[in-house]
Amino acid sequence: MSIKLSFWVRPSQKNQEKKTPIYMRIQLDGVRTEYSIGHYVNPAVWDSKSQKVRGASDEAKNTNENISTLKAKALKVYNDMILNCEPFNAFIIKERILNGLAKAMTFDDIMEEYIAKMTSLKGKSYAQPTIIKYRNTQLRVSQYVKKKYKRGEIYLYELDYNFIDGFETFLKIEFNNSNTTCAKHYQRVSRVVRIALNKGYINRFPFGEYKPRIDKAELIYLTYEEVKRIEEKAFTIRRLEMIRKTFLFGCYSGLSFKEMENLRPDNIVTSDGKVHWLKMVRQKTKKQYKVVLLPQAYQLIKDLQEYPEAIRKGRLLPILSNQKYNSYLKELADQCGIPKRLTSHVARKTFSIGIALRSSASIELISALLGHSSIRVTTDYYAKVTDEIMIDGVKNLAEQLKKLK
């Protein structure tokens with residue numbers, strides 16, 4: 001492992017005095033980096049062979065002295081790091097020349113920096129579950145580094161394709177993670193690494209050729225007929241009746257579980273005493289969201305006021321914990337003869353596919369009702385035409401063709 005230092009000028013870049021900057025290039029083990037040393041020179045007096053400024057002027061002497069000093073400094077940094085048995089590359093040598101003995105950043109350093117930022121903005125820009133997910137990814141990377149590299153941390157400049165590819169294998173073997181879970185971990189790792197890149201901690205994105213595999217999840221939703229089956233079922237058990245109405249509200253509003261939980265009376269706005277609007281900030285996108293409520297959804301809000309003992313202070317609906325809610329939904333599905341695993345997310349999908357798409361609502365309207373950040377999110381997610389929608393469409397087309405005949 002030997003270092004190569006060189007100096008050169010870039011004629012294409014000139015200042016107002018028609019002078020071009022002098023660059024220093026550091027090459028080590030096939031990796032190179034370069035930067036402007038802060039001196040400008042007339043291209044006509046630059047000697048590319050000796051890599052110095054020709055002439056005996058004070059300016060030429062000063063520039064050449066600085067070039068010699070930088071060479072000596074780079075070699076000293078190189079030799080010191082070898083003697084100290086420190087891991088390094090061309091980027092670290094440049095960093096030491098520019099910033100002194102500031103230690104190289106590890107992945108754990110940048111992850112801690114980002115998590116500290118999220119924690120300080122918790123409840124404003126970041127939710128606690130998001131912070132927990134980043135902590136989990138940090139833990140998994142730490143476990144992987146200890147197993148593969150037999151040490152506690154890895155430097156940012158060591159990250160490459162082999163690292164992230166090995167991390168995916170580690171997650172699948174050690175924790176039986178699916179492709180989707182591995183992709184989520186990669187998403188968080190790549191995010192903090194890109195932040196490191198933007199902050200100048202590294203000079204390249206190390207995972208450029210890596211593409212995570214994502215399993216295509218089956219879209220589970222209820223048909224309109226199944227929704228009607230739940231509507232027509234009445235329970236004598238108060239708890240199940242409350243869950244039934246809450247689930248139906250999700251089916252007719254398209255709100256996520258957290259949004260239903262956080263719903264407050266002032267989120268419902270009425271105009272002309274007839275039209276009822278839902279006005280809130282979406283949990284996921286953090287964007288303002290204002291849509292007209294379906295009459296069924298508004299009626300369910302009124303019906304759910306019959307359970308004041310379950311409505312927490314300041315909230316609009318009687319929402320239990322997500323775990324209890326999903327547990328009771330299983331019981332609801334059994335009682336209604338629905339062979340599908342009901343969750344709060346199924347209610348949101350039912351609203352968009354089983355009700356809105358089945359009713360031939362436009363993709364633009366569905367996107368607005370769901371509060372998606374762009375219409376592309378909606379079209380990408382619901383690109384698959386469901387069997388029943390296709391059947392209805394073909395039937396309508398056949399009817400139109402009959403009329404033409």
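Tutor: We begin with burial: a residue counts as buried when its relative accessible area is under 20%. Please bear in mind that this is a predicted model. Phenylalanine 170 has a relative accessible area of 9%, so it is buried. Tyrosine 144 is likewise buried, because its relative accessible area is 3%.

Student: How many aromatic pairs does a search of the whole structure find?

Tutor: A pair of aromatic rings is described by the distance of the centres and the angle of the planes. The search finds 17 such pairs. In one of them, the rings of tyrosine 78 and phenylalanine 88 have centres 5.9 Å apart and planes at 80°, so this pair is edge-to-face. It links distant parts of the chain, with tyrosine 78 in helix α1 and phenylalanine 88 in the loop between α1 and α2. Tyrosine 78 and phenylalanine 88 are both buried. Tyrosine 144 and phenylalanine 170 form a tilted pair, at 5.5 Å centre to centre with 45° between the planes. Here helix α4, which holds tyrosine 144, is linked to helix α5, which holds phenylalanine 170.

Student: Which charged residue lies over the face of phenylalanine 205?

Tutor: That residue is arginine 194, at 3.7 Å from the ring centre. Phenylalanine 205 also belongs to a cluster linked by ring pairs, whose members include Tyr144 and Phe170.

Student: What is the phi of lysine 18, and where is its place?

Tutor: Most residues other than glycine have a negative phi. Lysine 18, however, has a positive phi near 65°, and its place is in the loop between β1 and β2.

Definitions and conventions: Residues numbered from 1 in each chain as written. Predicted model: local features only at pLDDT ≥ 70, side-chain atom pairs only at ≥ 80, totals over all residues. Heavy atoms only, no water. Helix = DSSP H or I, 4+ residues; strand = E, 2+ residues; numbered from the N terminus. Phe/Tyr/Trp six-rings, centres within 6.5 Å; stacked < 30°, edge-to-face > 60°. Buried < 20%, exposed > 50% of the residue type's maximum accessible area, 1.4 Å probe, protein only. Lys NZ or Arg CZ within 6 Å of the ring centre and 35° of its normal.
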